[in-house]
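Subject: the model I promised

Hi,

Here is the structure I said I would pass on.

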Amino acid sequence: MLRYVGFRLLNAIPTLLAISLVAFFIIQLPPGDFLTTRVQALEAQGESADPALVEALRQRYGIDDPFWIQYGKWLTGILFYGDFGLSFQYQRPVGALIAERLPLTLILGVATMLVTWLIALPAGVYSAIKQRKTPDYVISTIGFIALATPNFMAALVLAFIGFQFFGQSVGGLFSPAYVDAPWSLAKIGDLLAHLWIPVVVLALAGTAGIIRTMRANLLDELNKPYVTTARVKGLPERTVIRRYPVRIALNPFVSTVGWSLPQLFDGEVIVAVVLSLGTTGPLLLAALKSQDMYLAGGIILIVAVLTVIGTLLSDILLAVVDPRVRFGKA
Amino acid sequence: SDRREPLPGLDSTKKVLESPILTKKITAGDLPKLADRLPASPMVVQPIKKPGSFGGTLHRAQTEATDSGVIASFASSGLVEWSRDSSKAIPSLAETYQRSDDNTIFTFTLRQGLKWSDGKPFTADDVIFAIKDWLGNATLVPALPVWFADVDQQLPKVSKTDENTVRIEFREPFALFEKYLCHPSINIQIIKPKHYLEKYHPAYTDKAKVTAAAKKAGFDSWDQYFADRDNPWTNPDRPVMGAYQVAKAAGAQSGTASLERNPFYYKTDPDGRQLPYIDKIQVQVLDQAALDLRAANGDLEFQGNFLGYNSTQVYLRNAKAKGFTVQRWQAVGTLLSLCPNLSHNDRVWRSLFMTKDFRLALSHAINRKEINDTLLGGLGIIRQPMSTDGSPYGIAGGGRTAVDYDVEKAGQLLDGIGAKKRGSVRYYRGKPLEFTVIYTDNDQGIARADAFNLVKKDWAAVGVKMNVRPVDDTLYAQLRASNDFDFDGTTMIEDDWDLEPVWYVPTSSGSHSCPGYGLWYATGGKDGVTPPAEIKKLMDTWDELRTAQTDQIRIAAGKKITQQHNDNVYVIGLMKLPFQPVVVSNKIIGVRTDKPQLSFYYGREGITKPEQISLA
Amino acid sequence: MTATTVTDRPEIVTASQRQLIWRRFRRHRMAMIGLVVLIAMYVGALFAGFIAPSTPATTSSTHAYQPPQGIRLSAEHGFYVHPTVGRTDIDSMQRVFDVDRSRVIELGFFVDGPDYKIIGLIPSDTHLFGPKDPQARWYPLGADRTGADLFSKIVYGAQVSLSIGLVGVAVSLILGIVLGGISGYFGGVVDHVIQRVIEFVMSIPTLPLWLGLAAAIPPRWGPMQTYFMITLILSLVGWTGLARVIRGRFLQTRDEDYVLAARLDGVRTRRIILRQMLPAFTSHIIATVSLAVPGMILAETSLSFLGLGLRAPAVSWGVLLQDAQNVQTVATAPWLMLPGVAVIIAVVAFNFVGDGLRDSADPYGG
Amino acid sequence: MTASEPSRDLILDIGGLRTSFFTDTGEVKAVDGVSLQLRRGRTTCIVGESGSGKSALARSVLQVVDQPGRIVGGRIDYRPAADEPAIDLAGFDPRGRAIRAIRGKEIGMIFQEPMAALSPVHTIGRQIADLLTQHEGIRWRDRRCRERIVAALEEVGIPRPEERFDAYTFQLSGGMRQRAMIAMAMITRPRLLIADEPTTALDVTTQAQILDLLRQEKENSGMSLLFITHDLGVVAEIADDVVVMRHGAVQETGPVDQIFSDPQHSYTRELLDSLPQRAERIAVPSETASRIRPVAPPPAAVAPTEPILTVEDLRMEFRAASGRRFRRSESNVVKAVDGVSFAVPKGRTLGIVGESGCGKTTLGRTILRAYRPTAGMINYAADDGVVDLAPLSERELLPYRQQIRMVFQDPYGSLNPRMTVADVVTEPLRAAGRTARSELEDRAREAMLRVGLQPDVLHRYPHAFSGGQRQRISIARALITEPTIVVADEAVSALDVSVRAQVLDLFADLQQELGLTYLFISHDLSVVERSCDEVAVMYFGKIVEHRPTAELFTDPQHGYTKALLSAVPISDPAQRGNRQRISYRPEEEPAAVG
Ligand SMILES: Nc1ncnc2c1ncn2[C@@H]1O[C@H](COP(=O)(O)OP(=O)(O)OP(=O)(O)O)[C@@H](O)[C@H]1O
Ligand SMILES: Nc1ncnc2c1ncn2[C@@H]1O[C@H](COP(=O)(O)OP(=O)(O)OP(=O)(O)O)[C@@H](O)[C@H]1O
Ligand SMILES: [Mg+2]
Ligand SMILES: [Mg+2]
Ligand code: NI
């Protein structure tokens with residue numbers, strides 16, 4: 001087991017290197033560089049930058065250096081000093097910027113995931129059992145509508161409803177009164193009051209896919225002879241379904257659960273932007289748009305590492321829950 | 001709310017002179033007494049409405065975490081500052097201020113006993129440190145900014161005659177220096193807390209030590225660390241002279257910055273109460289939609305910057321219920337315009353664009369009224385870009401050239417320059433008149449895509465084909481800098497362009513209408529496109545303005561530039577927003593009601609001298 | 001040998017399986033509704049010029065933010081609406097529409113209107129329905145901020161939005177099946193390499209890929225080229241998930257006896273993959289596709305939201321929705337979010353059709 | 001209703017039962033008015049044509065008929081004990097509580113296809129424990145639970161039951177799975193056990209063990225047994241009563257002796273007649289011998305022709321996959337075929353027998369080059385000279401794929417569930433591409449008719465057939481290309497005797513007509529004896545004995561052959577218990593099977 005994990009981790013190193021390289025490349029793909037965006041941003045505010053200064057800064061930051069040199073600098077910094085570089089935009093170390101946003105990102109991600117799964121899995125099972133009956137159609141329709149509603153639209157409309165009917169201060173995860181307050185019950189309550197919109201938007205959007213897959217997987221299993229065997233044992237129908245076909249239909253989900261790890265980091269970008277959540281998503285988006293390459297690169301690298309870990313985790317989990325995999329029979 | 005029971009500060013008129021939160025600190029022994037904090041002669045500010053009471057938090061919002069505009073608006077401080085009508089400089093940190101008759105020597109005498117927010121004395125050394133060790137350090141500032149450069153990009157001579165007197169001497173007259181000194185984003189840069197920053201500067205501290213500290217903090221080099229330490233928006237430790245100091249920076253996960261009052265602030269009201277009245281400012285970073293909803297919800301007590309004109313309707317709808325008013329300030333920098341590339345890389349197009357009749361024809365061909373009716377319900381202000389009438393450089397009746405919709409005239413003009421129609425498109429020297437307008441998409445004010453598409457329709461009617469092409473920010477900047485575009489769609493500023501002349505005079509490759517000439521000017525003719533005589537004339541007039549010895553000369557030169565624009569329509573204007581909404585909570589006292597400009601150059605909301613506003 | 005006389009046409013052998021699926025599909029009520037809706041939408045998109053009473057480019061200075069106009073019916077005029085003139089109230093900044101009740105705009109079928117070309121070829125100016133007077137304006141779903149008819153815009157927008165999904169999914173499906181199939185069927189080194197590539201592509205977050213690639217589209221490209229590139233970008237990002245799934249299924253199916261049996265029947269590899277193995281996961285593929293097509297439609301809207309991809313004056317549902325992305329719209333012109341409803345209807349229809357197909361193709365299904 | 005005295009003695013009384021499958025193409029009346037009675041404490045065997053509705057009947061009793069099937073009429077009166085009232089099972093809601101109390105507790109059931117009947121992701125112990133928890137309230141964590149299950153596993157003869165308790169289904173051989181299924185059905189000591197062909201998958205020795213076990217259980221606890229089989233030998237071994245079914249209806253019922261000695265119905269007679277009887281050589285009473293159809297004379301003893309297939313020192317090793325994912329395993333190699341050599345002359349039939357897991361299937365598949373052999377030669381005398389198939393590439397093999405065909409052991413698995421039968425059967429023709437499309441359907445119909453299936457089922461999917469029907473589809477598919485060699489891997493195992501006879505006749509006819517050569521793999525020795533010219537006995541991958549059929553059966557040499565022969569059930573209830581079984585165990589459990 002340990003050897004296997006070790007082997008997989010070794011395998012991941014070239015993947016990660018390749019990802020870091022490509023990520024770094026992609027970030028620089030759009031024309032211009034951080035300073036051009038900076039100039040443009042200043043101009044949008046009515047200021048203008050002196051081209052001579054910009055040129056000097058460009059040299060100062062080494063933005064004009066060849067791709068390889070920049071990449072090399074970045075990578076050696078990470079590898080040897082754990083230094084992710086400095087964000088151009090914030091003029092702060094990238095590591096600190098990411099660390100700052102991590103807790104909320106995790107809270108939002110985990111909450112979303114839990115809600116999604118808690119809604120979707122039972123709904124999918126029920127939908128499969130009631131195949132082509134009214135509950136199936138109702139669940140499907142709701143799921144599809146949730147899936148089809150563009151996230152940003154849902155977020156905006158919910159935010160507006162929150163404002164119009166509940167007088168809620170939209171945006172961010174805390175009301176102004178609690179932002180700076182130390183943690184307390186009231187603050188947690190305030191967080192929950194703000195968390196519901198993004199969680200609902202994100203979770204609902206995710207349910208349809210899971211409902212569909214669960215339903216399909218389960219339908220494939222429901223007619224298998226081993227289900228009849230279970231019935232013949234005299235088990236109640238619920239137990240039959242839960243213990244046998246559902247158990248097997250869940251496997252594909254187990255094998256993807258690790259993948260949702262990286263999604264925590266860039267899945268909610270658009271909603272997070274609309275609702276001004278202080279998570280890593282908007283940070284990444286802003287960094288990409290302003291070509292703040294060390295910041296963007298840092299986040300992408302973390303996401304990539306998480307992906308690799310997620311895959312590994314999935315594989316291990318799958319092996320744990322599915323003996324066929326464990327014993328190499330599937 | 002005026003009739004309410006006066007708060008303690010007002011009641012026992014001269015007894016409560018400082019904010020209760022400071023009184024508490026004094027009691028705790030953390031702070032010296034008020035008399036020891038104020039300078040010998042504090043600057044007295046006359047409240048706009050009436051003296052306020054202490055306390056409260058002002059809530060604001062912005063869309064970018066890195067935008068430090070709130071510092072310039074609410075916590076700026078300089079040797080001098082704008083007078084209340086923004087017409088001239090008045091001494092601020094300086095008790096007295098003189099400039100020589102020829103605009104070369106500027107002398108400041110500081111108030112006695114000024115203190116930084118950490119209680120350390122503020123002296124002439126802090127100014128000299130900022131100039132010599134920051135501006136004068138090639139690592140920190142690789143190229144001198146326009147607002148502080150003498151001829152040949154040299155640093156002016158700086159000296160102190162005594163602890164409280166600073167003298168800045170330019171070799172050539174610098175007519176705009178005073179204006180720059182008043183600029184709330186610039187004036188704070190000329191004073192720096194030497195006692196705090198010298199720890200991070202190799203001229204004062206061992207370079208190895210400075211570098212090591214920088215590395216430890218996660219920076220590659222000392223200058224980055226210095227810049228970080230020097231940033232009043234992100235570093236709560238940096239001493240300031242302004243009314244507020246950042247207590248928590250906005251980078252944190254909540255995206256919220258909080259500012260707290262500077263206990264050593266040097267201004268008082270006429271009764272001797274130490275300003276500001278309001279204790280705290282909280283700034284939340286929000287997306288535009290959320291910010292608009294916040295404003296509509298009455299959560300933002302006083303805000304103009306970042307508010308969308310298009311959402312005015314929503315603010316107005318909720319204003320009464322949520323207890324705020326929507327003021328209509330003058331909109332600045334919203335005049336949507338099309339800049340033909342006068343220095344086009346293509347010779348034929350360059351000569352065509354430089355032809356006045358062509359520009360006039362294009363201008364006449366636009367049905368501005370229709371665009372205005374469609375997009376702004378007819379409320380927009382139609383004019384060509386240039387200084388407005390009442391402003392120093394404005395000329396009477398300016399901005400009206402060729403704004404009337406006259407397709408026939410446009411056709412005649414085009415025929416006149418030899419751009420004849422073949423089929424539906426005109427040809428000029430064998431080339432079809434087909435152009436691309438680049439612009440960055442931005443729906444904040446006038447929806448650019450919609451406006452340009454309407455123009456496209458109008459121009460098509462006179463045989464000029466235009467492709468409307470929204471481009472990414474970076475690409476936009478790059479295309480412009482490399483002089484590689486036909487038309488640039490942008491919003492123009494009108495007044496105060498002397499502070500950023502590129503809008504009207506091609507002084508650098510950042511020019512919107514002729515970057516090629518701008519580069520030529522900036523490089524002294526080494527690079528770029530050699531401008532024709534009329535553009536050279538524009539540049540000469542600009543030089544005249546910049547080095548004017550007196551204001552008369554400066555203003556005369558400015559008017560000349562305006563006149564030249566008015567005659568030639570170098571940039572084709574469409575229209576600008578009728579106003580800029582500013583939400584003001586009913587609880588706020590002391591906000592100007594005379595519809596001032598919401599302008600970057602006057603510190604935006606800072607034009608109302610926010611240290612004297614208070615929460616009832 | 002004794003040959004039984006058979007009169008049936010030989011095609012029946014293959015056709016009947018399709019018939020079987022179709023027969024079951026027809027019993028799936030929601031799927032049938034979905035299919036009808038989809039066909040209607042695609043026909044609408046194909047004949048956009050004919051269906052839309054106006055064109056996306058026809059603006060009006062007096063009808064910006066015109067709310068939807070309900071149709072009235074009277075004996076005298078048949079179907080009609082009253083003409084309106086809009087203005088902005090300076091105090092409230094609200095759009096006010098003065099309805100002129102003394103005049104009517106009669107509506108009818110097969111009326112003259114703006115010129116267009118049927119399927120981009122045959123010029124015509126007959127519209128399915130609209131005001132009888134070609135100069136008059138009627139806004140069944142309201143107007144946008146330039147006074148253009150939203151309904152017409154939605155109809156035209158369907159052309160891009162509904163095709164981007166299909167083309168994108170087709171590309172990623174082909175990539176996914178080919179690469180996933182090769183990977184899963186042959187295994188070994190090929191599998192290892194393809195797996196690494198997939199893992200690699202999947203590890204790159206989509207956002208930077210979108211941004212990077214979309215921003216790299218040359219600015220002078222026309223809307224068609226941009227549209228094509230966007231489709232390609234979307235599908236390049238999308239194929240990996242499918243490939244992974246298909247590979248997994250291939251690995252599983254590869255060891256099934258019936259695959260071996262087919263091999264021993266002398267069936268060639270390509271045919272084994274296509275005819276024997278792929279059908280085993282049709283239901284999965286259908287499920288994935290019916291989720292992916294809407295995924296593409298939504299991705300296009302997301303790209304538009306991020307300010308990438310297509311932009312006005314190109315018309316797509318994403319572009320239209322992008323204009324609706326502000327508080328003002330939600331508060332004062334909610335009808336501008338109707339393109340979102342179009343997205344929802346299309347997505348739901350797609351999914352029900354996919355569901356129906358899945359259920360009908362399932363041999364165990366009742 | 002006052003029960004009359006004899007009905008008290010009935011544990012199950014089925015009356016007019018009708019069960020139908022409602023398919024797209026219409027209603028399939030699988031059970032069409034069956035009435036039958038089961039006596040308490042007795043074994044009732046149902047025999048009948050394949051597809052006659054035996055499984056459907058069995059499943060109807062517990063209301064677990066597969067979708068889209070359902071009981072449409074009739075009653076199933078179940079009387080738990082003589083002094084208890086009867087309850088009508090047919091009237092219960094299939095998902096309801098009442099029927100659940102019966103399932104597993106009162107009536108146990110063993111399914112026809114044990115491979116798929118167990119969950120792949122639960123251990124055997126866990127799956128059996130469900131019953132204890134549900135019906136006896138013994139929790140999974142309870143120590144007694146494990147004890148009971150281990151004991152039950154031991155009872156059915158699963159070696160090392162402690163270990164197997166934690167084994168997963170796929171870790172067991174087919175025989176062990178079957179036995180685990182039986183253990184599961186019997187752990188609650190049900191009053192009635194329904195066993196649907198529980199021994200079909202087993203080799204004769206294992207089958208004998210299981211029959212013994214069932215018999216014992218019946219004697220010890222008075223369990224009643226409803227036993228479905230097509231093997232009249234088995235019937236003769238264990239039945240008290242026999243029910244003969246055909247076309248969804250009961251043709252004849254009666255005590256076993258009566259059925260065997262004095263069959264009333266023509267179909268029953270047909271069944272018995274078609275019995276390939278080998279008992280005659282082991283001194284059978286004359287009256288039975290008279291009914292036995294003489295073995296078809298071997299095809300005209302042609303002068304020993306050149307062998308069409310010569311296998312030389314063939315070896316096929318599998319790298320055992322266990323634990324691959326977590327341990328880089330010390331690769332333990334399974335030598336499934338371990339140096340096999342033989343030659344088959346053209347037009348002859350070679351039988352291959354041996355116990356489960358000895359490598360019969362692997363040998364057959366290797367000859368067909370389903371695997372690339374580890375070593376050895378497979379020389380095939382094609383029209384254009386002898387080729388060694390062993391080293392050929394997939395592409396080079398294509399021409400021979402039409403000539404050497406295989407009937408798969410597991411018909412269910414070898415039929416693509418998503419292709420209609422028509423497509424499956426014609427696939428080899430289409431692959432070869434030499435047959436006109438227009439001809440395909442004709443060929444399919446013809447092939448179906450040949451194996452005794454109606455062509456109108458061509459458009460059904462494979463799952464909608466009974467086990468025996470599927471097997472015939474497999475045969476049709478193998479024969480449709482008019483091959484020269486057919487490897488028939490347990491090709492008739494699931495067929496009832498009458499159909500089996502028909503198929504065997506078909507094989508024989510084709511052999512005569514076309515000079516077909518067969519490799520006949522089977523565990524059913526009676527079939528082998530009837531249809532093979534020579535027999536090779538395999539034991540652990542090696543051929544231990546290879547001789548002409550008659551010689552081998554009369555005078556087995558190898559110890560294993562002797563054991564095998566002694567375990568064959570004799571189709572004569574009169575012979576029951578007359579025979580000593582020989583066991584051959586040179587070493588205990590030499591290798592794990594499965
Ligand atoms: N799912 C199904 N759909 C339609 N018809 C079915 C289905 N399952 C079985 N049948 C049909 O029902 C009939 C009875 O099948 P059943 O399985 O009971 O036969 P059986 O007597 O057990 O045969 P065997 O001895 O081959 O197992 C057969 O004709 C079969 O084709
Ligand atoms: N693909 C494979 N991988 C690993 N081992 C295998 C494989 N196929 C067969 N074996 C092993 O080879 C041995 C022979 O199996 P085979 O299926 O040939 O037996 P058999 O004689 O046909 O048995 P049965 O009568 O039960 O069908 C068994 O131990 C089996 O576990
Ligand atoms: Mg059966
Ligand atoms: Mg076998
Ligand atoms: Ni024939």
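Below are my notes on the ligand sites, the metal ion and a few spans of chain.

First, the housekeeping. This is a predicted model, so local features need pLDDT of at least 70 and side-chain atom pairs count only at pLDDT 80 or more, while totals for chains, interfaces and linings use all residues. Residues are numbered from 1 along each chain as its sequence is written, chains are lettered from A and ligands numbered from 1 in the order in which they are written, and side-chain values use heavy atoms, with hydrogens and water left out.

Let me start with ligand 1. It is surrounded by 22 residues, the closest being G51(D), K54(D), S55(D), Q112(D) and G468(D) (a residue is near if one of its heavy atoms lies within 4 Å of the molecule). By class, that shell has six nonpolar, twelve polar and four charged residues (Ala, Val, Leu, Ile, Met, Phe, Trp, Tyr, Cys and Pro count as nonpolar, Asp, Glu, Lys and Arg as charged, and the others, Gly among them, as polar). A polar backbone atom of A464(D) is 3.3 Å from an oxygen atom of the ligand. On its own ligand 1 exposes 630 Å², and the protein buries 92% of that (Shrake-Rupley areas with a 1.4 Å probe). Two or more shell residues come from each of β1 (10-23), β2 (26-39), α2 (54-61) and α18 (467-479) of chain D (DSSP runs numbered from the N terminus: helices are H or I with at least four residues, strands E with at least two).

Ligand 2 also sits on chain D, with 13 residues around it; S356(D), G357(D), T361(D), T362(D) and Q409(D) are the closest. Its oxygen atoms lie 2.9 Å from a backbone N or O atom of G359(D), 2.8 Å from a side-chain N or O atom of K360(D) and 2.4 Å from a polar side-chain atom of T362(D).

Which residues hold the magnesium ion, ligand 4? Its protein donors are T361(D), through OG1, and Q409(D), through OE1, at 1.8 to 2.1 Å (donors are N, O and S atoms within 2.8 Å of the metal, or 3.2 Å for Na, K and Ca; water is not among the atoms, so sites may look incomplete). T361(D) is in helix α13 and Q409(D) in the loop between β16 (404-407) and α15 (411-414) of chain D, so the pair ties together parts 48 residues apart in sequence. T361(D) counts as buried at 19% relative accessibility, whereas Q409(D), at 36%, is partly exposed (buried is under 20%, exposed over 50%, partly exposed in between, with a 1.4 Å probe and protein chains only).

Finally, chain C. An unreviewed UniProt entry annotates "transmembrane region" at residues including 30-52 and 333-353; such annotations may be inferred rather than shown by experiment. Residues 30-52 of chain C are 91% helix and 0% strand, with end C-alpha atoms 27 Å apart. For residues 333-353 of chain C, the figures are 76% helix, 0% strand and 33 Å.

Cheers

Key: Polar contact = N/O pair within 3.5 Å; in protein donor to acceptor, adjacent residues only side chain to side chain.
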